[in-house]
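Student: I have a structure open and would like to learn how its parts get their labels. Could we go through it together?
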Amino acid sequence: MSLLCVADGCGGLGSRRYAELDGQTGAHAASRVAAQSVKRWAAACRSLPKDPSEGRELQRALQGTLEADLSAFVAEHRLTEGGSRIVGSMQRLLPTTLCMALADGGEGACFLWAGDSRGYVLDETGLHLYTGDDVKRPMDELERLRCDAPLSLCVSADRPVRLHLRSVALPKQGLLICATDGVYGCVFSPMELEEIFLASLTGAQDAATWQRRLAAAIRRLAGDDATLCCLPFGFAHFDEMKRFFQPRLELLRREHLDGLLRHPGDGDVLRESWKRYQPGYDRTEEVQHENDWSL
C-alpha cells in the first residue's frame, strides 16, 4: 500500500499567531498536524475499500483520527484559552486543506480530500482531475486558476471533520499525483501543468534529477507555497517511463502548447485550446469503471 498526502494550511482562516506555538500561525500548525495524523492512520490501513460500504468505514475512521489528533493538539497547547480564543466566522481553529491517495498496485486507488488540494492521474492520454474543489461558487477551470476562491470546506479543529472519498480504477501505467493549489495555480491552464511534469521528466537522466527539475520548474512559477507528491506506477525502470510519456509530450506541444507560445496572452487562443483539452481532463463526475465511485 502506498500513501500520498498533501496539506495546505489556510492562511486567511488560520492567520492568527499563537504565543503557545512560538508565534506560528494556526494554518502552519494545522497542515503539519493533519499530515502526521494521516500518516499514523495509514500505517494501520491494509487494503483499499472494495465498495461504498467499506469506503464509508474508511472515511469515518480517518475523519475520527483527524478530529482526535487536532483536539489533542489544541488541548496540549491550550489554544482555546485566553487571548488565543477563536472568535467570528473569518477565523478557524487549525484550518487546512487535505488531499491524500491510497494506492495498491493493480487494485487501483482512492482519494480522500477536503478543500482545494487536488488528486490527479497522468497517463498516455493526458492529465486527469479526479477531485472537486470545495469552493463557495462553481467556476470554469481557467477562471479557477486565475483567482483564489473562498473555501466552502476544510479540515479544522473547531468543526467536525468531513472528507470526500473517490475510488479510482487506475490505468496500467501512469503517475498518481496529489498537489496543493500552489502547484496547479502556478500556470494559466492544465495543459501547461501537464507539460511541466512531462518536460521535466523527458529531460532527466534519472528519478532524482527529475525530482529536482520538477521542483525547480514549480518554484520558478509558484507565487505561493507549493507541495506535490507524485507516484509512478506500472514501470519497471525510469527509462521505460520516459519512453512511455515522450509521444504524449510531443502531442501536447503540437496540439496545445505551440499555439499558446505563438500567441502569448491571447485569451481566445487559450480558451479554444482548453475547449479541446477539457473533455479528457475533467473526471470529477465521470464514472468509467465499476470500481469508480465516490462518497
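Student: Which strands does helix α2 lie across?

Tutor: Keep in mind that this is a predicted model. Helix α2, residues 52-77, lies across β2, β3, β6 and β9. Its direction runs at about 135° to β6, which spans 164-168.

Student: What makes β1 and β9 edge strands?

Tutor: Start with the sheet: five strands in the order β1-β2-β3-β6-β9, open and with antiparallel pairing. Strands β1 (2-9) and β9 (293-294) each pair on one side only, and that makes them the edges.

Student: How do you know that β1 and β2 pair?

Tutor: Two strands pair if there are at least two bridges between them. Eight bridges join β1 to β2, so by that cut-off they are paired, and the two run antiparallel. One of the residues to look for is glycine 9, whose bridge partner in β2 is threonine 96.

Student: How many bridges link β2 and β3?

Tutor: Six bridges link β2 (residues 96-103) with β3 (residues 109-114), again in the antiparallel sense. On your screen, find alanine 103, which stands opposite alanine 109 in β3.

Student: Why is β1 described as largely enclosed?

Tutor: A residue is buried when its relative accessible area is under 20%. Six of the eight residues of β1 are buried, so the strand is largely enclosed by the rest of the structure.

Student: Which helix packs on the sheet and touches β1?

Tutor: Helix α1, residues 26-42, packs there and touches both β1 and β2. The direction of α1 makes about 165° with that of β1.

Student: Why is α1 called oblique to α2?

Tutor: The two helices pack at an angle of about 135°, with their axes 9 Å apart. Angles under 35 degrees are roughly parallel, over 145 roughly antiparallel, and 65 to 115 roughly perpendicular, while the rest are oblique. The value of about 135° falls in the rest, so α1 is oblique to α2. Their crossing is right-handed.

Student: Which classes of residue make up the contact of α1 with α2?

Tutor: The contact has eleven nonpolar, two polar and two charged residues. On the α1 side, the residues include Val33, Ser37, Arg40 and Trp41. They are part of a group that meets α2, where Leu62, Thr65, Asp69 and Phe73 are among the residues involved.

Student: What is the strand order in the sheet of four strands?

Tutor: The order is β5-β4-β7-β8, in an open sheet with antiparallel pairing. The edges are β5 (126-129) and β8 (228-233), as each pairs on one side only. On average, neighbouring strands here are turned by 20° against each other, direction ignored.

Student: How do you know that β4 and β5 are paired?

Tutor: The cut-off is at least two bridges, and β4 (residues 118-123) has four with β5, in the antiparallel sense. Valine 121, for instance, has histidine 128 in β5 as its bridge partner. Helix α7 (residues 238-262) packs on this sheet, touching β4, β5, β7 and β8. Helix α8 (residues 267-281) also packs on the sheet and touches β4 and β5.

Student: Is serine 200 buried or exposed?

Tutor: Serine 200 has 5% relative accessibility, and the limit for buried is under 20%, so serine 200 counts as buried. Its place is in helix α5, residues 190-202.

Student: Which residues does serine 200 contact, leaving aside its neighbours within four places in sequence?

Tutor: Glu195, Trp210, Arg213 and Leu214 are in contact with serine 200. Leucine 214 is 14 residues away in sequence from serine 200, yet the two are 5.4 Å apart in space, C-alpha to C-alpha.

Conventions
Residues numbered from 1 in each chain as written. Predicted model: local features only at pLDDT ≥ 70, side-chain atom pairs only at ≥ 80, totals over all residues. Heavy atoms only, no water. Contact = heavy atoms within 4.5 Å. Axes fitted to C-alpha atoms, helices over the stretch in contact; angles between N-to-C directions. Buried < 20%, exposed > 50% of the residue type's maximum accessible area, 1.4 Å probe, protein only. Left-handed = near helix turned anticlockwise from the far one by under 90°. Nonpolar A, V, L, I, M, F, W, Y, C, P; charged D, E, K, R; others polar.
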